[in-house]
There are 2 protein chains.
Amino acid sequence: MTKFQNDLFLRACKRQHVERTPIWIMRQAGRFLPEYRAVREKADFLTMCKTPELAAEVTIQPVDIIGVDAAIIFSDILVIPEAMGMKLEMIESKGPKFYDPIRTVDDVNKLKDIDPTKNLKFVLDAVSLTKKELNGRVPLIGFAGSPWTLMTYMVEGSGSKNFSEIKKFIYNQPTAAHKLLERISDAVADYLSAKIEAGANAVQIFDTWGGLLSQTDFEEFSLRYIQKIISQIKRKDEPVIVFAKGVHYKLDKIAEAGADVIGLDWTIDLNAARKSVGDKVALQGNLDPTVLYANKKKIKEEAVKVLESFGKGSGHIFNLGHGILPDVTPENAKYLVDVIKEESKKFH
Amino acid sequence: MTKFQNDLFLRACKRQHVERTPIWIMRQAGRFLPEYRAVREKADFLTMCKTPELAAEVTIQPVDIIGVDAAIIFSDILVIPEAMGMKLEMIESKGPKFYDPIRTVDDVNKLKDIDPTKNLKFVLDAVSLTKKELNGRVPLIGFAGSPWTLMTYMVEGSGSKNFSEIKKFIYNQPTAAHKLLERISDAVADYLSAKIEAGANAVQIFDTWGGLLSQTDFEEFSLRYIQKIISQIKRKDEPVIVFAKGVHYKLDKIAEAGADVIGLDWTIDLNAARKSVGDKVALQGNLDPTVLYANKKKIKEEAVKVLESFGKGSGHIFNLGHGILPDVTPENAKYLVDVIKEESKKFH
């Protein structure tokens, strides 16, 4: 059991008392940092994911540079479909591409079962190495995409405007869709268990595309499999965070699915969310990421509004409502971290 | 005063008794119809908008072909910024582009005031001509973009992934932003008044990008100006519909802003929405547009779920939760219309 110099993040996940609100930032190991871009110049994105030394280096950068209270391992949610046998390419400034997207049950059947300790050893090595180098300074978060979000990429093949292919797939081939979701769920559960085994102190499931679904479809095609994963993860007391972007409804059901923490985007009112989930889970979020384009006065004002909307007491992890944008200045990001460290004291 | 053969749509907007739920479909005058594509082959998009005969022709097509209960004038929300002096181009399969986006208060000052009866006469002529050709079969809807949504396009210059420019603009130049919103609001109010004068029986304000904003920003930068427009529109009893995509909160405030009907996307539960707005407004929506990719059994099932979620009584206009997608078959769209005409009877 690691003894942390700063375990505010973990205590907040468990709704235990904290002296101030912890903060980390989605995509904090990313392009907004010049130190990240310097590493990125030496290696392409997937090579960085697959080289534990590079992954560890950029994972730790935001802890050193902007002072966040947790690290999140540098990786990508699409390493899972790649490990299942899909050829993945990251196209500069366009995003990910699978050249052979899933369209039929045969395509689903052709996917391989994965053993994370073999197929995804590079991630586990990156986790162990990062843990060693962090040396107990802050906790380390592991993550994965939700089955629905991974399936969306696997079927669309790339980013999408209307998400027509994935919707055709679930409406016209629901059996194949559920089969695929089952297989992804098993892979994600094994993967997150292995990350915890390798040293991750918490895990976050990103359901980036949950908000594309109607409320009943969200329960059928996304939440059900998130629940399955949470029930299968092998863990001691490592918290599970569920971040379902655009999902503004049924937060109580996400809590019932076993999440310890619910991540919220910036369109949600934290106060209303807290009322609807009661004491069941902690909440993470939810400053509009574009507020970091503003001047410091405005950043402080909006950050304090988020603290106020959650209100007094523990169970809040400050974060943005979505990933930090690549053209935000590190100065503004660091300022946000400093503001939260100082201003949140009075809420505890 | 037009005597309609079918005024179900208008009665539902006013929450009066109807024998069945009326239906129309956002973007019904659009690419999914081969008859539309035939017209589009002869003229580019903006030429179609500016040629009353062509606009009238495609406006009436869905009334004839799929049997909807209202027509909506074929046009584009960006004719307003164009009339204010911004050079607009529609780039095939990429969307709209302004070559000289607004970035400073000087850019705002350079915009022209519009007189719809001069600068946008082509739309008014299209409305009059369509009314004549419809000859009272169904009501005709006019529309405009909300000030926030129009400003988003005017500042971004085109579609956007992160909407960085518009957010920088409102956070760093709020005075310029409010000045621009004021000017757009006046233009939109005059424009919608002129459309009603020309014969539109209802108007819809599209706030396509309302959902990009946090709840407080939505009130400050969007809702406030929608309210201003509604208070300025010259009308007798023509209903105003407000459709703010992604805005799942404060529906009661949209009702208080003076909307007669609130349009809802497919992530909203109609039953919960109805409870939150009470008897103040009618609701329009909200089938997931991608359900039209499914087979007929599924389409019927999901359409009935929407009827059920609103429940019994008047004040519901059936629609999709967003525009119909270009690769939906006319057969499925017509099937949806038929299903609603038949299945909704038992809710009244």
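Helices (H or I, at least four residues) and strands (E, at least two) are DSSP runs, numbered from the N terminus. The model shown is predicted: local features need pLDDT of at least 70, side-chain atom pairs count only at pLDDT 80 or more, and totals for chains, interfaces and linings use all residues. Residues are numbered from 1 along each chain as its sequence is written, with chains lettered from A and ligands numbered from 1 in the order in which they are written.

View 1. Most peptide bonds are trans.

**View 2. The open sheet of chain B.** Seven parallel strands are arranged in the order β1-β4-β5-β6-β7-β8-β9; two strands pair if DSSP finds at least two bridges between them. The edge strands of chain B are β1 and β9 (316-320), each pairing on one side only. Strands β4 (residues 140-145) and β5 (residues 202-207) of chain B are joined in the parallel sense by five bridges. B:Gly142 has B:Val203 in β5(B) as its bridge partner.

**View 3. Helix α4 (residues 52-65) of chain B.** At 1.5 Å a residue, its 14 residues should span 20 Å, and the end C-alpha atoms are 20 Å apart, which agrees; the expected span is 1.5 Å times one less than the number of residues. Among the buried residues of α4(B) are B:Ala55, B:Val58 and B:Ile60. A residue is buried if 20 or more other C-beta atoms, placed from the backbone, lie within 10 Å of its own, exposed if 12 or fewer, and partly exposed in between. Just after α4(B), B:Gly67 has a positive phi of about 80°.

View 4. A:Phe163 is partly exposed because 17 other C-beta atoms lie within 10 Å.

**View 5. Where chain A touches chain B.** On chain A, 23 residues are in contact with 23 residues of chain B; contact requires C-beta atoms, placed from the backbone, within 7 Å. Helix α10 (residues 164-172) of chain A gives the most to its side, with five residues.

Methods: Two residues are in contact if their C-beta atoms, placed from the backbone, lie within 7 Å.
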